[in-house]
Amino acid sequence: MANSAGDRGKAKSGGKMNEEIPSDSESESVAPRRTEEEEEEEEELEETAQEKKLRLAKLYLEQLRHQEEEKAEAREFEEDQVAGRLKEDVLEQRGRLQKSVAKEVQPPAPSDIRVLRGHQLSITCLVITPDDLAIFSAAKDCTIIKWSVESGRKLHVIPRAKKGPEGQPPGHSSHVLCMAVSSDGKYLASGDRSKLILIWEAQSCRHLYTFTGHRDAVSGLAFRRGTHQLYSTSHDRSVKVWNVAENSYVETLFGHQDAVAALDALSRECCVTAGGRDGTVRVWKIPEESQLVFYGHQGSIDSVQLVNEEHMVSGADDGSVALWGLSKKRPLALRREAHGLRGEPGLEQPFWVTSVAALLNTDLVATGSHSSCLRLWQCGEGFRQLDLLCDIPLVGFINSLKFSSSGNFLVAGVGQEHRLGRWWRIKEARNSVCVIPLRRAPRPPAAGP
């Protein structure tokens, strides 16, 4: 019994020893496990640094790729712009440039139209300086007024010349029928019923020369763009060429069968004329001393203007407006009764087209009449159509129309009478210069991908 109790005590004490004192094998197994974890953590830290380097390297390469793509896009955009500009220049030289702006033009509110009053009688003609800063207007009162576009104030008045002893200030003593300003803004030319062409310094309005040679009223003037070569036409049926810089006469061309009513020119060494009652529009090739003859209107052709080097627009007293290509003898488009009809039922007559204007190298055309409005038109593709855009209310004979170089405004010369006669008198009209703003509608945003 004693032995068994002693055994139990030994067993208990042995159990305690077994519980409290870990074996050598247990202590050896815990230590290596801690070391492996540390090694794993170190390996993980090393791999994270490598991955970071790799990630940064990839990010840098991606940035370089984006930068190169942006540079390539910029180069492509610049090349496209240059190519587009070169294409426009080539088309302009060939006379085929037709920028589409007509659909963007919004009709102005009547309150936006500025009215400049200073002439006593009907306005007959006007021109805008190439920088769009000034307007020259002339009238049947024989005066010429230079206006500021910005303020609407008179900058200078060239008064009517008084007949009398020499030494009087130079000016016109009869109706001024036409004017032209050189493309560099240096010279102003004006022609009158007394067969005279007066040359002025446009900036100061100082008289420089007087050209004589026409045998009847001077009805049309135009400078060749980029030069000081001046073309003139007259009721004597001739076209004359002058060199203004050298104060010299060059030559005379003949061909029209009736008094010539209007003339225009651009950069080429040629001009176009409206032949009045002879029913023709003519293109004069100056170096060859030859002419092309165009037929299409049924009445007196009173106005003509070039749209570009290959196309032109004309208006006649039969109420028609025509678009022409220089390669075809007949109109590409003809709009009859362009301003409607007047008179009693059964006796209607079309309103005369008294003036035309075209915004250079675009599809926008304006026409004037005595129908209480001027009209804006869009030329269709290839100038084979003429579509009405809008009417702008304006009472009186619209004897002259000119677009600004920028296309931001249109100027109309309005009178109570027609510039070439006194067939009617519209008493409620005001003899004035009207500046009409041409605001553009914003282009719709480009559709996304």
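This is a predicted model: local features need pLDDT of at least 70, side-chain atom pairs count only at pLDDT 80 or more; totals for chains, interfaces and linings use all residues.
## Strand β4

Both faces of β4 are covered. On one side, Ala134, Phe136 and Ala138 are buried. On the other, Ile135, Ser137 and Ala139 are buried too.

## Pairing with β3

Strand β3 covers residues 123–128. It runs antiparallel to β4, and 5 bridges join the two. Within this pair, Ile128 stands opposite Ile135 of β4, a residue that is itself buried.

β3 and β4 form a hairpin, with 5 residues between them. Asp132 sits in the turn and has a positive phi of about 65 degrees.

## Pairing with β5

β4 also pairs with strand β5, residues 144–148. These strands run antiparallel and are joined by 5 bridges. Ala138, one of the buried residues of β4, stands opposite Ile144 in β5.

Here again there is a hairpin: 4 residues lie between β4 and β5. Cys142 is in this turn, with a positive phi of about 70 degrees.

A negative surface patch is made up of Glu70, Glu73, Glu76, Glu78, Glu79 and Asp80. Glu76 lies in helix α2, which runs over residues 24–94.

Is Glu76 buried, partly exposed or exposed? Its relative accessible area is 48%, so Glu76 counts as partly exposed. Patch members need over 30% relative accessible area, and Glu76 has 48%.

Methods:
Residues are numbered from 1 along each chain as its sequence is written. Side-chain values use heavy atoms; hydrogens and water are left out. Patches are made of residues with over 30% relative accessible area and no salt bridge: like charges are joined within 9 Å, nonpolar side chains (Val, Leu, Ile, Met, Phe, Trp, Tyr) within 5 Å. Accessible areas come from the Shrake-Rupley method with a 1.4 Å probe; for residues, only the protein chains shown count as cover. A salt bridge is a side-chain nitrogen of Lys or Arg within 4 Å of a carboxyl oxygen of Asp or Glu. Lys and Arg count as positive and Asp and Glu as negative; His and the chain ends are not counted. The place of a charge is taken as NZ of Lys, CZ of Arg, CG of Asp or CD of Glu. Buried means under 20% relative accessible area, exposed over 50%, partly exposed in between (1.4 Å probe, protein chains only). Two strands pair if DSSP finds at least two bridges between them.
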